[in-house]
Amino acid sequence: MRIAATALGTTLALAGPVSLAQAAPLDNEPLAAFRAAAPSNAAAPAAWAAGTRAYLVITTPGDTTAVRNAVAANGGSVFASYDAIGVIVAHSTATGFAATMRTVPGVQKAGATRTSDVPADAYNPALPSNPAQSAAPTTEPVRSDMTQIKADQAWAVNPGSASVKVGILDTGVDDQHQDLAPNFNAADSVSCAYGKADTRAGAWRDVDQHGTHVAGTVAAAKNGKGAIGVAPGVKISSVRIAEPGSTLFFPENTICGLVWSGDHGFKVTNNSYYTDPWQFNCPNNLDQAAILEGVGRAQAYAEGKGSLQVAAAGNSNVDLANKTTDSSSPNDSTPVTRTITNDCLDIPAELPGVVTVAANGTSGTSKASFSNFGRDVIEVSAPGESVYSTVPGGKYSSLSGTSMASPHVAGVAALLASANPAYTPADIRAKLGAHATDLACPSDARCTGTTAKNGFFGEGRVDALKAVGGSTPPPGKYFENLTDVTISDNTTVESAITVSGVTGNAPATLKVGVDVKHTYIGDLKVDLVAPDGSVYTVHNRTGSGTDNIVQTYTVNASSEVANGVWKLRVNDNASADTGKIDAWNLTF
């Protein structure tokens, strides 16, 4: 499991089904030294056989009957089927099963999801324990991570709506915890371990402590006990995708969890893990190509149902925009060192539409030493060091990791959804960046980009107060144009703002707020044109297929007279994608 959480101090060592002496591993470390053994005295059900492996068989969404029949005809069995996305989870003891299935008409991809056997527990899963609860604390101090993102100020405006459901896709959640029980939604909670929904009461409970910690950061109740989550008024559901014993998150589990999230109306999900056993899945590997396709389809399905996925960037301190090697995979057997390229993806974090989150250090303005980074990969950042939150049994711990940063962002996303019920996932994703506090690169050559958007922090540290509409008016004189201007294919359009009443020149930190609705922003060049005709480029055909430019740029316009007509010029350089200038503003 790359749950990317490091316990702080030996008293906070990770506890799973069997107590572990070590702190939780970083997400780039092999799990052999950390994995707790599955119960050895459980009798295997008759349907299970030694050597059973799991596979994804990908076909056209809809009626998968023919391919499911082919699975049975070629030495396999259908363990689960997600017909809406054309993904079948198959089990087989035949070593050539995937290769055989790739020759079957209608099969688009097929591949193994693991390099180890499926546990016997998959056929008769044991329910996780329901831990005894400790006495509730009598204090509830506001922690520094919450003040850094202004969550404490946001609560006074809007603590979140009970109609907004957030899915915690993780190791499970202790629903009895006094800080989580008030906001826990059992009706939509489930276990997706092994890739099949288990709706029995309690199947969603934590087989570790990681998921409970994440859940508290999102929505621990504001009840005078222990801790407060970013969005203490929303509802949380547990979707356990970690398997007991190994606490690994295999592709079929992730697929089950994402489909469940879409079908059950989760407005936001938090994903503080990467999909095992490969830290990076490469499309030139037939097994991993099937994993990329299957998990990608599940994410697209969930997003299409209105669910935004927020995911941890990982704790390897590597540049996700310049990948070279992977030495941690496969983590369910024996890792090997392999050469990789940027085509190899950390999933779900690097899937289209997912908000990828880096971790800030304790200062709130630095990159946490462990956090992955990458220009045009990281979207936003959030506190990720020494985060205090809930753990099973009514207890609390401080953990560090991008796993801890991601739920801060999921909580802010839930506040956005609460304040703006009509927002789509794309709207929420855009506003997370637009509202974020810009953080400049430190003196570190690995950080590239601008203060407004760079490889360490993306568009900046998330802001909960702005998410609920509680932001104060920006400093300096403010001018805005809300008139829509259509952007057609291969055209150049302009929108004007007349500035008056400002003495002298524009500042060196002129803020240019841009809200352009347009598919495939890699087509666009966006310039600020000063009254004397000087041009300042703020966006130049980056972002590839990303939708919409909603962010604030900082321009050194100190050589320009402030008063006069300023223009936002947008140049569309390709066909097939169009949009509009929705709004833009200047803050002097």
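This is a predicted model: local features need pLDDT of at least 70, side-chain atom pairs count only at pLDDT 80 or more; totals for chains, interfaces and linings use all residues.
Q: What radius of gyration does the chain have?
A: The radius is taken over C-alpha atoms, and the globule rule is 2.2 Å times the number of residues to the power 0.38. For 588 residues, a compact globule would come out near 25 Å. The chain agrees with that, at 24 Å.

Q: What are the rough dimensions of the box that the C-alpha atoms fill?
A: The box is taken along the principal axes. Its rough dimensions are 80 × 60 × 40 Å.

Q: What percentage of the chain's contacts with a separation of 6 or more comes from residues 24 or more positions apart?
A: A contact here means heavy atoms within 4.5 Å. Among contacts with a separation of 6 or more, residues 24 or more positions apart account for 77%.

Q: How far apart are the centres of the positive and negative side chains?
A: Lys and Arg count as positive and Asp and Glu as negative, with His and the chain ends not counted. Each charge is placed at NZ of Lys, CZ of Arg, CG of Asp or CD of Glu. That gives 39 positive and 51 negative side chains, and the distance between the two centres is 2 Å.

Q: Which helix is largely enclosed by the rest of the structure?
A: Helices (H or I, at least four residues) and strands (E, at least two) are DSSP runs numbered from the N terminus, and the chain has ten helices and 25 strands. Buried means under 20% relative accessible area, exposed over 50%, and partly exposed in between (1.4 Å probe, protein chains only). Buried residues make up 57% of the chain. Ten of the ten residues at 210–219 are buried, so the enclosed one is helix H5.

Q: Which helix holds cysteine 256?
A: A disulfide (a pair of cysteine sulfur atoms within 2.5 Å) joins cysteine 192 to cysteine 256, S to S 2.1 Å. Cysteine 192 lies in the loop between strand E7 and H5, so the pair ties together parts 64 residues apart in sequence; the helix with cysteine 256 is H6.

Q: Is the disulfide of cysteine 282 and cysteine 344 left-handed or right-handed?
A: The sulfur atoms of cysteine 282 and cysteine 344 sit 2.1 Å apart. This pair links distant parts of the chain, 62 residues apart. The torsion about the S-S bond is about 115°, so the disulfide is right-handed.

Q: Is cysteine 441 buried or partly exposed?
A: Cysteine 441 bonds to cysteine 447, their sulfur atoms 2.0 Å apart. Cysteine 447 has 9% relative accessibility and counts as buried. Cysteine 441, at 27%, counts as partly exposed.

Q: What is the pairing of the bonded cysteines in sequence order?
A: A search of the whole structure finds three disulfides. Numbering their cysteines along the chain gives 1-2, 3-4, 5-6.

Terms used: Residues are numbered from 1 along each chain as its sequence is written. Side-chain values use heavy atoms; hydrogens and water are left out.
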